[in-house]
Amino acid sequence: MEMENYILKGNIYYSVTPTEMEMLENQYLICKDGKSAGVFKSIPKEYEGFVLYDYSNHTIIPGLIDLHVHAPQYGFRSTGMDMELLDWLLANAFKEEGKFKDLEYAKKAYGYYVGDLVKSATTRACIFASRHTDATILFMEELEKTGLITYVGKVNMDRNAPDYLVEESAEESISETIRWIESVKYLQNTKPMITPRFIPSCTDELMYALGDIQKKYNLTAQSHLSENFGEIEWVKELCPNSKFYGDAYNEFGLFGTNGKTIMAHCVHSSDEELEMMKENGVFIAHCPESNINVSSGIAPARKYMEKGMEMGLGSDVSGGTDISMFKAMVHAIQVSKLRWRLIDDTEKALTTEEVFYLATIGGGKFFGDVGSFAEGYEFDAVVIDDEQIPHPQELTLMQRLERILYLSDDRHIVDKFVAGQRIQ
């Protein structure tokens with residue numbers, strides 16, 4: 001597809017480091033061949049022929065990145081929030097995902113999710129589908145039409161799940177995984193992602209095979225790690241020879257050694273586990289609201305940032321209740337305050353600058369040079385008319401950004417660009 005070259009004018013924000021932001025009032029952001037050519041006070045002569053989209057006094061931010069979300073759970077979000085993780089899976093999540101065997105139901109349910117995702121500030125996401133191959137293919141085909149850039153996983157689970165959801169055998173799960181990968185090769189923006197639900201739901205035979213498949217097809221991978229105390233103890237029973245939860249994934253080749261990998265939550269990761277993650281380049285998807293709702297705890301995000309871990313944010317619907325990454329940023333700040341006040345007063349609360357970094361460059365690194373308007377980054381941008389949020393006082397640019405995080409929603413988004421393409 002031929003790339004359009006254009007200019008966006010407005011109040012432009014992007015992270016430079018986790019603690020430093022550029023906030024530029026009514027300047028010019030240049031998109032050339034699908035990448036950012038930088039931000040300028042006036043239009044450079046070489047770009048004077050580009051199309052100008054004048055969004056003066058609107059806010060322009062990089063597209064936001066959702067590193068962890070369960071699309072089949074979108075239909076029952078905000079219900080069943082009174083249980084811990086393992087009980088919640090059995091009572092709510094598994095029952096809903098079982099319905100995706102029915103392609104008509106899957107099409108309807110995924111349609112709601114895709115429709116709302118397009119309207120949101122998210123431009124890229126790593127998504128769990130269900131274990132159903134045909135429904136996952138259908139879902140990926142619908143995502144492809146949107147212009148968003150996503151990784152999607154057909155979930156693997158051949159043990160410790162209800163009869164209506166568990167795969168019949170490791171062999172079936174492996175063959176269906178390969179059929180799915182081969183079926184979606186033609187998609188450009190929507191790529192397959194190896195997705196064992198978590199170690200308790202997958203036999204050793206299946207896990208070893210998934211590691212091999214990831215390496216053979218040069219794919220990314222995603223799963224859950226150290227989310228809940230009951231889950232961690234269960235993994236100790238199932239993998240007695242592993243030193244810790246992440247070590248079990250590593251044994252199967254699914255901990256960054258065979259390709260880029262995301263582990264969601266990491267609420268209770270040990271220092272030893274973190275060291276292996278850092279060494280292998282494993283990304284943390286920090287999902288603050290979900291960790292509250294299913295009683296997992298508060299992940300020490302400050303500690304992980306100071307250790308230099310690769311980390312972004314996840315909405316984790318339906319553990320989380322909303323796909324808005326604005327809300328994910330706010331929840332990350334809020335729970336870090338509680339952790340600092342109630343658990344460890346040496347871990348300072350996260351700042352607006354830091355969570356904005358996590359939602360843009362932090363998660364964007366998983367996709368490459370994504371999440372910034374610095375020269376050479378892929379051009380993902382969201383334009384927000386935050387003047388629709390009324391206020392009587394004069395606001396600084398930082399105050400305007402804070403109000404967007406806490407008060408904005410998709411009604412205020414007026415334009416959206418992904419990898420240089422205008423999609424809204």
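Predicted model: local features only at pLDDT ≥ 70, side-chain atom pairs only at ≥ 80, totals over all residues.
1. Let me start with overall size.

2. Residues are numbered from 1 along each chain as its sequence is written, and side-chain values use heavy atoms, with hydrogens and water left out.

3. Taken along the principal axes, the C-alpha atoms fill a box of roughly 60 × 50 × 40 Å. The secondary structure comes to 13 helices and 16 strands; these are DSSP runs numbered from the N terminus, with helices being H or I of at least four residues and strands E of at least two. Buried residues make up 61% of the 424, where buried means under 20% relative accessible area, exposed over 50% and partly exposed in between, for a 1.4 Å probe and protein chains only. Among contacts between residues at least 6 apart in sequence, 76% join residues at least 24 apart, a contact being heavy atoms within 4.5 Å.

4. H4 and helix H5 (residues 204-217) pack at an angle of about 20 degrees, with their axes 9 Å apart. Axes here are lines fitted to C-alpha atoms, for helices over the stretch in contact, and angles run from 0 to 180 degrees between N-to-C directions. H4 and H5 are therefore roughly parallel; the classes are under 35 degrees for roughly parallel, over 145 for roughly antiparallel, 65 to 115 for roughly perpendicular, and oblique for the rest. Their crossing is right-handed, meaning that the near helix is turned clockwise from the far one by less than a right angle, with anticlockwise giving left-handed.

5. As for the residues involved, Ala-170, Glu-171, Ser-173, Ile-174, Thr-177, Ile-178, Ile-181 and Glu-182 in H4 meet Glu-205, Leu-206, Ala-209, Leu-210, Ile-213 and Tyr-217 in H5. By class, the H4 contact with H5 has nine nonpolar, two polar and three charged residues. In this scheme Ala, Val, Leu, Ile, Met, Phe, Trp, Tyr, Cys and Pro are nonpolar, Asp, Glu, Lys and Arg are charged, and the others, Gly among them, are polar.

6. H4 also has helix H3 (residues 133-144) as a partner: the two axes come within 10 Å and cross at roughly 20 degrees. That makes H3 roughly parallel to H4, and H3 passes H4 in a right-handed crossing. Thr-133, Asp-134, Thr-136, Ile-137 and Met-140 of H3 make the contact with Glu-176, Arg-179, Trp-180 and Ser-183 of H4. This contact holds three nonpolar, three polar and three charged residues.

7. The pair H11 (residues 325-342) and H12 (residues 352-364) has axes that come within 9 Å and cross at roughly 135 degrees. H11 and H12 are therefore oblique to each other, with a right-handed crossing. On the H11 side the contact uses Met-329, Ala-332 and Ile-333, and on the H12 side Thr-352, Val-355, Phe-356 and Ala-359. The contact divides into six nonpolar, one polar and no charged residues.

8. Do have a look at strand S10 (residues 220-225), where Thr-220 sits. Thr-220 counts as buried, at 9% relative accessibility, and among its contacts beyond four places in sequence are Tyr-151, Pro-192 and Gln-214. Ala-221 and Pro-192 lie 29 residues apart in sequence and 8.8 Å apart in space, C-alpha to C-alpha.

9. Finally, some backbone details to check. The peptide bond from Val-317 to Ser-318 is cis, with omega near 15 degrees, and Ser-318 is in the loop between strand S13 (311-313) and H11. Ser-78, not a glycine, has a positive phi of about 70 degrees; Ser-78 lies in the loop between strand S5 (64-70) and helix H1 (85-98) and counts as partly exposed at 46% relative accessibility. His-265, not a glycine, has a positive phi of about 90 degrees. His-265 is placed in strand S11 (residues 261-265) and counts as buried at 1% relative accessibility.
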